[in-house]
Amino acid sequence: MTIDPEYSHDGIHDRLTNCAAPPLVYSHLNRMISGSGRTGAPLTLASISISTLSSLEQILSIAHVINRLMRQEDLCGRTGNFQFVVVLSGSLTNGEKLLARIRNATTIEFTSELVQWVPEETSLQLLYRLDLAEEITN
C-alpha cells in the first residue's frame with residue numbers, strides 16, 4: 001500500500017503525520033492568545049518548511065523530530081504538504097532554541113521563521129505576520 005504525501009485531515013489530525021490539522025491549530029492558537037492576553041505570558045509561532053521535492057520519508061521524519069523535541073504543552077500542526085507550524089508558549093528565544101534542537105537532530109534541510117504575539121493582535125494577524133516573514137525569506 002502506498003501513502004499519498006498530499007495533505008489530508010479529519011479536522012483534528014493530519015492523516016499522514018498525526019500532527020494537528022489546521023482547524024485544531026487555529027483553535028489552540030486562539031486559546032493560547034486568550035491565555036496570554038490574561039497573563040501577559042509570551043506566545044510564539046515557529047514555521048518549519050521543507051523542500052517541495054521532499055520524499056514521504058522526509059515528511060514523516062521531520063514531523064517525528066519536531067514532535068519529539070517540542071515541549072508537551074506546545075502544539076505542532078501540519079499546515080501544508082511541506083509546512084509545519086508550532087504554537088509554543090514562550091518568547092522568540094524559546095522558539096530559537098527549539099529550531100536549533102531540530103536542526104541538530106535532522107539532516108533534512110528546512111527554512112524557518114518565528115513571530116511572537118503582541119497584545120491585542122488576533123490569531124489571523126499573527127498568522128499573517130508569519131506568512132509575511134516567510135515571503136521575505138523566500
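Trainee: Leaving aside its neighbours within four places in sequence, which residues is asparagine 94 in contact with?

Mentor: Bear in mind from the outset that this is a predicted model. Asparagine 94 belongs to helix α3, which covers residues 92-105, and once the neighbours within four places in sequence are set aside, the residues in contact with asparagine 94 are Arg71 and Leu88.

Trainee: Is asparagine 94 buried, partly exposed or exposed?

Mentor: Buried would require a relative accessible area under 20%, and exposed would require one over 50%. Asparagine 94 has a relative accessible area of 28%, and therefore the word for this residue is partly exposed.

Trainee: How far apart in space are asparagine 94 and threonine 44, C-alpha to C-alpha?

Mentor: Threonine 44 is one of the buried residues of strand β1, while asparagine 94 lies in helix α3. Along the sequence the two are 50 residues apart, yet in space, taken from C-alpha to C-alpha, the distance between them is 8.2 Å.

Trainee: How many of the residues of strand β1 are buried?

Mentor: In a regular strand the side chains alternate between the two faces of the sheet, so each face has to be considered in turn. On one side of β1 stand Leu43, Leu45, Ser47 and Ser49, on the other stand Thr44, Ala46, Ile48 and Ile50, and all of these are buried. For the strand that runs over residues 43-50, the count of buried residues is therefore 8 of 8.

Trainee: Which residue in β3 is the bridge partner of alanine 46?

Mentor: Strand β3, made of residues 83-89, runs antiparallel to β1, and 7 bridges join the two. Within this pairing, the residue of β3 that is the bridge partner of alanine 46 is valine 86.

Trainee: And which residue in β4 does leucine 45 stand opposite?

Mentor: Strand β1 is also joined to β4, residues 110-116, by 7 bridges, and these two strands run antiparallel. In β4, the residue that stands opposite leucine 45 is valine 115.

Trainee: What is the pattern of helices and strands when the chain is read along the sequence?

Mentor: The chain holds 4 helices and 4 strands. Read along the sequence, these elements follow one another in the pattern α-β-α-β-β-α-β-α.

Trainee: What radius of gyration does the chain have?

Mentor: The C-alpha atoms fill a box of roughly 50 × 30 × 30 Å along the principal axes. For 138 residues, a compact globule would have a radius of gyration near 14 Å, and the value for the chain agrees with this, being 14 Å.

Trainee: Of the contacts between residues at least 6 apart in sequence, what share joins residues at least 24 apart?

Mentor: A contact here means heavy atoms within 4.5 Å, so the share rests on pairs of residues that meet this cut-off. Among such contacts between residues at least 6 apart in sequence, the share that joins residues at least 24 apart is 60%.

Trainee: What is the phi of asparagine 18, and is this residue buried or exposed?

Mentor: Asparagine 18 is found in the segment before α1, and its phi is near 65°, a positive value in a residue other than glycine. Its relative accessibility is 54%, which is over the 50% cut-off, and therefore asparagine 18 counts as exposed.

Trainee: What is the relative accessible area of glutamate 120?

Mentor: Glutamate 120 lies in the loop between β4 and α4, and its phi, near 80°, is a positive value in a residue other than glycine. This residue is exposed, and its relative accessible area is 75%.

Terms used. Residues numbered from 1 in each chain as written. Predicted model: local features only at pLDDT ≥ 70, side-chain atom pairs only at ≥ 80, totals over all residues. Heavy atoms only, no water. Rg over C-alpha atoms; globule rule 2.2 N^0.38 Å. Buried < 20%, exposed > 50% of the residue type's maximum accessible area, 1.4 Å probe, protein only. Pairing = 2+ DSSP bridges.
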